Amino acid sequence: MIRPLIYKIFTRGILALFAAQLVHFFAPANSGFSSFSNLSLGLGLLFVLFTFLAWLRLDGLKIPQLKLPRMKRKDPPFLAGSMADHINDEIVSFDDLDQEEQNACVLLADLALAAACLLLATVV
């Protein structure tokens with residue numbers, strides 16, 4: 001479950017930083033969003049909300065997740081061989097996890113990102 005957790009943290013973190021930079025760039029200079037620490041605080045609070053929702057979902061509440069349709073990726077012929085051929089462990093993706101493990105992975109990713117954003121808000 002480490003690999004899906006790292007991928008989830010990385011993709012959500014990069015998208016959150018990209019959104020914060022876009023808001024920081026396009027916000028008027030006299031607004032509260034012109035400060036990156038305010039944006040980090042807002043992102044941190046948003047990730048705290050997402051953590052709470054993931055905890056509720058893990059506890060049994062039926063909250064639907066936004067699942068975008070994704071096409072299965074086909075590897076090019078030169079990537080037909082994989083590092084997994086040389087090790088005993090199988091590579092586990094997020095989609096291969098069962099529902100409870102996916103909820104736990106989302107909970108841990110949101111918790112880590114909330115802590116990172118709140119730390120950024122205090123430091124920056």
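**Entry 1: ground rules**

I am working with a predicted model, in which local features need pLDDT of at least 70 and side-chain atom pairs count only at pLDDT 80 or more, while totals for chains, interfaces and linings use all residues. Residues are numbered from 1 along each chain as its sequence is written, and side-chain values use heavy atoms, with hydrogens and water left out.

**Entry 2: the chain as a whole**

I found three helices and zero strands in the protein chain. Helices (H or I, at least four residues) and strands (E, at least two) are DSSP runs, numbered from the N terminus. Next I checked burial: of the 124 residues, 25% count as buried. Buried means under 20% relative accessible area, exposed means over 50%, and partly exposed lies in between, with a 1.4 Å probe and protein chains only. I also looked at contacts (heavy atoms within 4.5 Å). Among those in the chain with a separation of 6 or more, 72% come from residues 24 or more positions apart.

**Entry 3: H1 against H2**

I took helix H1 (residues 2–26) and helix H2 (residues 36–58) and found that their axes come within 10 Å and cross at roughly 140°. Here axes are lines fitted to C-alpha atoms, for helices over the stretch in contact, and angles run from 0 to 180 degrees between N-to-C directions. H1 and H2 are therefore oblique to each other. For the scale: angles under 35 degrees are roughly parallel, over 145 roughly antiparallel, 65 to 115 roughly perpendicular, and the rest oblique.

The crossing of H1 and H2 is right-handed. That word applies if the near helix is turned clockwise from the far one by less than a right angle, and left-handed applies if anticlockwise.

I listed who makes the contact: H1 brings Arg12, Ala16, Leu17, Ala20, Gln21, Val23 and His24, and H2 brings Phe36, Leu39, Leu43 and Phe47. By class, I have eight nonpolar, two polar and one charged. Ala, Val, Leu, Ile, Met, Phe, Trp, Tyr, Cys and Pro count as nonpolar, Asp, Glu, Lys and Arg as charged, and the others, Gly among them, as polar.

I stopped at glutamine 21, which lies in H1. At 41% relative accessibility, glutamine 21 counts as partly exposed. I also noted phenylalanine 36, 15 residues away from glutamine 21 in sequence and 8.1 Å away in space, C-alpha to C-alpha.

**Entry 4: H1 against H3**

For H1 and H3, the axes come within 9 Å and cross at roughly 45°. H1 and H3 are therefore oblique to each other, and their crossing is right-handed. I see Pro4, Leu5, Lys8, Ile9, Arg12 and Gly13 of H1 meeting Cys105, Val106, Leu108, Ala109, Asp110, Ala112 and Leu113 of H3. The contact of H1 with H3 divides into nine nonpolar residues, one polar and three charged.

**Entry 5: H2 against H3**

How far apart are the axes of H2 and H3? I read 7 Å, with a packing angle of about 160°. That makes H2 roughly antiparallel to H3. The crossing of H2 and H3 is left-handed. By class, the contact of H2 with H3 has 20 nonpolar, five polar and three charged residues.

**Entry 6: the cores**

Which residues form the largest nonpolar core? I have nine: Ala16, Ala20, Phe36, Leu39, Leu43, Phe47, Leu113, Ala114 and Cys117. A nonpolar core is a set of buried Ala, Val, Leu, Ile, Met, Phe, Trp, Tyr and Cys residues joined through side-chain atoms within 4.5 Å. H1, H2 and helix H3 (99–123) each supply at least two residues of this core, and H2 gives the most, with four. Apart from this core lies another, of eight residues, among them Leu5, Ala54, Phe94 and Cys105.

**Entry 7: two last spots**

Leucine 53 is found in H2, and at 28% relative accessibility leucine 53 counts as partly exposed. Leucine 53 and isoleucine 63 are ten residues apart in sequence and 7.8 Å apart in space, C-alpha to C-alpha.

Serine 93 lies in the loop between H2 and H3. Serine 93 is partly exposed, with a relative accessible area of 32%.
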